[in-house]
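Work through each task first, then compare your steps with the solution.

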Amino acid sequence: MSRLWFLVVILGLGFLSPLAQSLRLDLESGHTKCIAEDIKSNSMSVGKYSVVNPNEGHPLPDSHKITARVTSAYGNSYHNGDHVESGQFAFTAAEAGDYVTCFYASDHKPPVTMTIEFEWKTGVMAKDWSNVAKKGNIDVMELELKKLEDRIRSIHDEMFYLRSREEEMQELNRSTNSRMAWLGFLSLFICLSVAGLQLWHLKTFFERKKLL
């Protein structure tokens, strides 16, 4: 019973991890819009995008074609789509950090505004569970348990990832504080040195003028 309660609590906390996002973007011609997602290393990520046809039943106007780019925090390219109306990507993150998806619409006269449907999934949400069920020939209950197990493992990994990021930030704070302390001592030394030089200069000036 306690184990089941633990699983339910962990499942309920799943929303704390940003694993999927689906949204609509309005993009004006000649402009760029980007979306960033913090992804752990070795995590699966899939996405798909498409331009909404303003005139259903008719071909998409050439002015509504876009360019899509997916890059990592280190500048590595994971997807390139030039002058397309839709596309999809899938990759396994080689390094942790912010991955950015950017959409660009070519300049057009007169300007046009297009709507882009974009869905981006990472981690557990990126797994195709329907194929898992077909390949494994498993029932609904077992499939749900597998989903639950993967989600718990994902949250567990996320907790360790956040802990490592926290340690990195603490180390950065300690390093910054140490540097600021040395900078403060250096600034104080320079101020005292300048004050001493000013006093010495004034003393020699007054002695020359025989005022002291």
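## Exercise 1: A serine in a loop

Leaving out neighbours within four places in sequence, Ser 43 is in contact (heavy atoms within 4.5 Å) with Phe 91, Thr 92 and Ala 93. Before going on, note that this is a predicted model, where local features need pLDDT of at least 70, side-chain atom pairs count only at pLDDT 80 or more, and totals for chains, interfaces and linings use all residues. Residues are numbered from 1 along each chain as its sequence is written, and side-chain values use heavy atoms, with hydrogens and water left out.

Task: work out where Ser 43 is found and whether it counts as buried or exposed.

Solution. 
- Step 1: Ser 43 sits in the loop between strand 2 and strand 3 (44-51). Strands (E, at least two residues) and helices (H or I, at least four) are DSSP runs, numbered from the N terminus.
- Step 2: apply the cut-offs. Buried means under 20% relative accessible area, exposed over 50%, and partly exposed in between, with a 1.4 Å probe and protein chains only. Ser 43 has 12% relative accessibility, so it counts as buried.
- Step 3: look at Asn 42, which lies in the loop between strand 2 and strand 3. At 64% relative accessibility, Asn 42 counts as exposed. Asn 42 also has a positive phi of about 65°, although it is not a glycine.

## Exercise 2: The disulfide

Task: find which cysteines the disulfide joins and decide its handedness from the S-S torsion.

Solution. 
- Step 1: A disulfide is a covalent bond between the sulfur atoms of two cysteines. The criterion here is a pair of cysteine sulfur atoms within 2.5 Å.
- Step 2: search for pairs. The structure holds one disulfide, joining Cys 34 to Cys 102 with an S to S distance of 2.0 Å.
- Step 3: read the torsion. About the S-S bond of Cys 34 and Cys 102 it is about 110°, so the disulfide is right-handed.
- Step 4: Cys 34 is in strand 2 (residues 32-39) and Cys 102 in strand 7 (residues 97-105), so the pair ties together parts 68 residues apart in sequence.
- Step 5: check accessibility. Cys 34, at 46%, counts as partly exposed.

## Exercise 3: Confidence

Task: find where confidence is lowest and where it is highest.

Solution. 
- Step 1: take the overall value. The mean pLDDT (the predictor's confidence in each residue, from 0 to 100) is 80, and 78% of residues reach 70 or more.
- Step 2: compare elements. Confidence is lowest in helix 1 (residues 2-12), at a mean of 36, and highest in strand 4, at 94.
- Step 3: look at the start of the chain. Over residues 1-18, pLDDT stays under 50.
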